[in-house]
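Let's take a walk through this model together, stopping at a few individual residues and a few helices along the way. Have the viewer open and follow along.

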Amino acid sequence: MSGGPALALDKPVSNKRWWQLVVGVVCMIATANIQYAWTLFVPEIQQEFGWKRAEIQITFTIFVLVQTWLAPIEGYFIDKLGPRLMVAFGALFIGFAWYLNSQATSLTGFYVGAVFGGIGVGSIYATCINNALKWFPDRRGLAVGLTAGGYGAGSAATILPIAAMIESSGFQETFLFFGILQGGLAFIAAWFLRSPAKGEVSASSKLAQATRDYTLKEALNTKLFWLMFFMFICVVTGGMMAVAQLGVIASDLGVKEFEVDLHFFVMAALPLALMLDRIMNGISRPLFGWISDNIGREKTMVIAFTLEGFGIIALGYFGHNPWAFLILSGVVFLAWGEVYSLFSALAGDAFGTKHIGKIYGVLYTAKGIGALFVPVGNLMMEATGTWSTVLYTVACMDITAAILAIVALRPTLAKHVAHSKDLLAKENAAAASGGAPSPAHA
């Protein structure tokens, strides 16, 4: 923050907004297990009902698609209703989804549960991200990174209790108990959330930030939005291809069963790599978010996307070595998780926060598009007979995004911010004279 009024305002606001951030993280932690603990239930469901694993896993696909593609609609209601009602609504849906799973005796029952779960998680995830953007205009990267990190690493504390209860009481009782526990926790936390009042927070003096709030229509009419959308697709598709196929890649590279002996424990290479995924994902979002608050989103994107691209290239080249596989997969996970903090923070910088729920909701559908491209990785591998082709293609997408961040995003953002200042001046002048403001076409 800069200037006298901002500094005078910072002290009384600081505790309030950090409390809002803590509550948002709690909501995300309560939400995370519906995605990250699902894998623990699949073998038990298969053993109980005898269905094929692929049929059961359609449940997860439905959840991801619903959670992603309904984001623009949820964003509309976030902007209209505010954080309390949306998170409370999402908490009820999460609890009901786990209840349906506890009672389901058919695949259809689990599929319906996935729909309710996707709506519930999407409502809470989008709301908490948007609330962090609004409360921390000067530290959006860090605030959103911590919030998203709560979802990425939120299951760490409850994975072992869930696994233990499944073993002792069965998966139905576990679904019911943790559905009530997690849904209830998020529902209670919802009522402590609120959006900042006008003038309660101040923008950053270190970053290029627009001085007006764009509507969704205005944002969609800018070159900046579609450049961000394309870059988001490139990076998220590459990361999802690498992450989704990690088990198969490890098997084909011959390192899946390699025993890693760290003296104090021994573990196979693949599960250890997946543990690194959780750790690195939890670190990367606040880490790169904090870096972007200090050096700018564009420069941070260049660093992260380049690291991701070359990490994937190295994984394809050196991945036959088990130790190289572990280290390089950790690098890939570290450099990939930040997309959810950088793009949301940049959206808040560029378009303001009044309509950010709808705007970021549309931008977030890039993840859904990326998910649709993931099966292409298998087709490429079958056509070429090697995962190297897939990994090198994915790396090219990351490096392309890194190049665009510096040669296209940076000048486009600067032009957009300058244009937003001109628009705001014209709108203020028009309001003073009783005229109508002009639309944005940056």
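Thr 105 sits in the loop between helix H5 (83-103) and H6. In this predicted model, Thr 105 has a relative accessible area of 60% and is therefore exposed, as the cut-off for that class is over 50%. Setting aside neighbours within four places in sequence, Thr 105 is in contact with Phe 49 and Trp 51. The C-alpha atoms of Thr 105 and Ile 45 are 9.5 Å apart, while 60 residues separate the two along the chain.

Continue into helix H6 (residues 107-135) and you will find Ser 123. Is Ser 123 buried or exposed? Its relative accessibility is 1%, so Ser 123 counts as buried. A polar atom of the Ser 123 side chain lies 2.8 Å from the backbone oxygen of Ile 119. Not counting residues up to four places away in sequence, Ser 123 touches Glu 74, Ile 78, Met 86, Phe 89 and Gly 90.

Two other loop residues are worth a visit. Gly 154 is placed in the loop between helix H7 (140-152) and H8, and with a relative accessible area of 5% Gly 154 is buried. Beyond its neighbours within four places in sequence, Gly 154 is in contact with Ile 29, Ala 32 and Gly 149. Gly 154 and Asn 33 are 121 residues apart in sequence, yet their C-alpha atoms are 7.4 Å apart in space.

His 355 belongs to the loop between H16 and helix H17 (356-384). With a relative accessible area of 18%, His 355 is buried, because the class takes in values under 20%. Apart from its neighbours within four places in sequence, His 355 is in contact with Asp 79, Tyr 214 and Thr 215.

Thr 384 is found in helix H17. At 41% relative accessibility, Thr 384 counts as partly exposed. The Thr 384 side chain reaches the backbone oxygen of Met 380 at 2.8 Å, and a polar contact of 3.3 Å joins the side chains of Thr 384 and Thr 389.

Here are the residues of this tour side by side.

| Residue | Relative accessibility | Class |
|---|---|---|
| Thr 105 | 60% | exposed |
| Ser 123 | 1% | buried |
| Gly 154 | 5% | buried |
| His 355 | 18% | buried |
| Thr 384 | 41% | partly exposed |

Helix H8 (residues 159-169) and helix H9 (residues 171-190) have axes that come within 7 Å and cross at roughly 135 degrees. That angle makes H8 oblique to H9. On the H8 side, Pro 161, Ile 162, Met 165, Ile 166 and Ser 169 take part, and they meet Phe 171, Glu 173, Thr 174, Phe 177 and Phe 178 in H9. By class, the residues of this contact of H8 with H9 are seven nonpolar, two polar and one charged.

A second pair is helix H16 (residues 339-351) with helix H18 (residues 387-433), where the axes come within 10 Å and cross at roughly 35 degrees. Leu 346, Ala 350 and Phe 351 of H16 make the contact with Leu 409, Leu 413 and His 416 of H18. Five of the residues in the contact of H16 with H18 are nonpolar and one is polar, with no charged residues.

The N-terminal end of H15 is capped by Asn 321, which has a side-chain oxygen 2.9 Å from the backbone nitrogen of Trp 323. H15 is mostly covered, with 12 of its 15 residues buried; among them are Phe 325, Leu 328, Phe 333 and Trp 336.

Helix H3 (residues 53-69) has 17 residues and reaches 25 Å from its first C-alpha to its last, close to the expected 24 Å. In H3, the buried residues include Ile 56, Phe 63, Val 64 and Gln 67.

Finally, step back to the whole chain. The protein's secondary structure comes to 18 helices and two strands, and 55% of its 442 residues count as buried. Of the contacts between residues at least 6 apart in sequence, 82% join residues at least 24 apart.

Definitions and conventions: Residues numbered from 1 in each chain as written. Predicted model: local features only at pLDDT ≥ 70, side-chain atom pairs only at ≥ 80, totals over all residues. Heavy atoms only, no water. Axes fitted to C-alpha atoms, helices over the stretch in contact; angles between N-to-C directions. Helix = DSSP H or I, 4+ residues; strand = E, 2+ residues; numbered from the N terminus. Parallel < 35°, antiparallel > 145°, perpendicular 65-115°, else oblique. Contact = heavy atoms within 4.5 Å. Nonpolar A, V, L, I, M, F, W, Y, C, P; charged D, E, K, R; others polar. Buried < 20%, exposed > 50% of the residue type's maximum accessible area, 1.4 Å probe, protein only. Expected span 1.5 Å × (residues − 1). Polar contact = N/O pair within 3.5 Å; in protein donor to acceptor, adjacent residues only side chain to side chain.
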